[in-house]
Amino acid sequence: MTQPLWTAVDGYFNDSLGANDATLDHALAKSRAEGLPAIAVAANQGKLLNLLARSIGAKAILEVGTLGGYSTIWLARALGEGGRLVTLEIDPHHAAVARANLAFAGLDGVAEVRQGPALELLPGLEAESGPPFDLVFIDADKPSNPGYFAWALKMTRPGGLIIVDNVVRGGAVIDENGDASVQGVRRLAELIAAEPRVDATALQTVGDKGYDGLIVALVKP
Ligand SMILES: C[S@@+](CC[C@H](N)C(=O)[O-])C[C@H]1O[C@@H](n2cnc3c(N)ncnc32)[C@H](O)[C@@H]1O
């Protein structure tokens with residue numbers, strides 16, 4: 001009653017409610033063919049990101065952790081006219097595959113892939129002092145989550161959302177002696193709990209990608 005059932009239920013709702021198309025399938029197939037790990041968000045999680053971004057009328061989105069650009073496509077499609085997305089990726093090969101996938105999706109004029117360690121790229125991005133981001137999606141190396149969250153908070157407008165993926169880690173998050181990724185999530189939860197500018201919750205998820213979860217934090221208006 002676990003993974004096969006979760007996968008089948010994801011399949012049922014993805015088919016009935018719609019979550020995927022030829023362009024998204026192409027991004028996954030190209031990523032697989034290029035040897036990227038299969039660690040993109042699930043289709044219904046990508047759609048949730050898209051719906052959340054549309055629900056707040058997002059015009060500017062920041063993503064930390066691009067991989068092959070699968071979640072980037074979901075998010076970039078949520079942008080209204082004149083919107084922009086910046087996504088940060090440390091691995092040059094991942095960044096190149098993502099750029100190709102975004103071009104295939106017709107989103108290369110909207111979504112910019114910046115290559116390098118995100119914590120080194122974020123200060124420059126902030127210094128550009130463009131409009132603040134409406135939504136930040138954090139999905140890179142988990143030990144750096146506290147640092148990513150601090151930057152996200154500086155750069156997200158009041159009323160915007162900060163979403164952090166993979167915070168449950170098969171339940172390992174409750175192990176106070178867990179690995180560096182668990183420590184990154186636990187420190188993040190402490191930071192959020194002590195931060196008066198945000199209100200947040202965490203959701204456990206099961207499905208195509210196993211047992212994990214995400215934090216959704218609202219930057220208070
Ligand atoms: C889970 S994958 C991202 C999946 C993607 N968001 C999606 O759902 O399609 C994490 C990505 O973060 C990248 N990454 C890891 N450490 C990083 C760092 N310090 N700075 C930027 N990117 C990093 C990895 O190379 C990998 O491509």
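This is a predicted model: local features need pLDDT of at least 70, side-chain atom pairs count only at pLDDT 80 or more; totals for chains, interfaces and linings use all residues.
Residues are numbered from 1 along each chain as its sequence is written, and side-chain values use heavy atoms, with hydrogens and water left out.

Me: Why are α1 and α3 called oblique to each other?
Reply: The axes of helix α1 (residues 3–18) and helix α3 (residues 43–55) come within 10 Å and cross at roughly 45 degrees. Angles under 35 degrees count as roughly parallel, over 145 as roughly antiparallel, 65 to 115 as roughly perpendicular and the rest as oblique, and α1 and α3 are therefore oblique. In their contact (heavy atoms within 4.5 Å), D10, N14, L17 and G18 of α1 meet A43, N44 and K47 of α3.

Me: What makes α6 roughly parallel to α7?
Reply: The axes of helix α6 (residues 118–127) and α7 come within 10 Å and cross at roughly 10 degrees, which makes α6 roughly parallel to α7. On the α6 side the contact is made by A118, L119, L122, P123, L125 and E126, and on the α7 side by G147, Y148, W151, K154 and M155.

Me: How do you know that the span of α1 agrees with its number of residues?
Reply: The expected span of a helix is 1.5 Å times one less than its number of residues. For the 16 residues of α1 this should give 22 Å, and the end C-alpha atoms are 21 Å apart, which agrees.

Me: Why is Q3 called partly exposed?
Reply: Buried means under 20% relative accessible area, exposed over 50%, and partly exposed in between (1.4 Å probe, protein chains only); Q3 has a relative accessible area of 29% and is therefore partly exposed. Q3 lies in helix α1 and, leaving aside its neighbours within four places in sequence, is in contact with G207, D208 and G210. The C-alpha atoms of Q3 and G207 are separated by 7.1 Å, although these residues are 204 residues apart along the chain.

Notes. Axes are lines fitted to C-alpha atoms, for helices over the stretch in contact, and angles run from 0 to 180 degrees between N-to-C directions. Helices (H or I, at least four residues) and strands (E, at least two) are DSSP runs, numbered from the N terminus.
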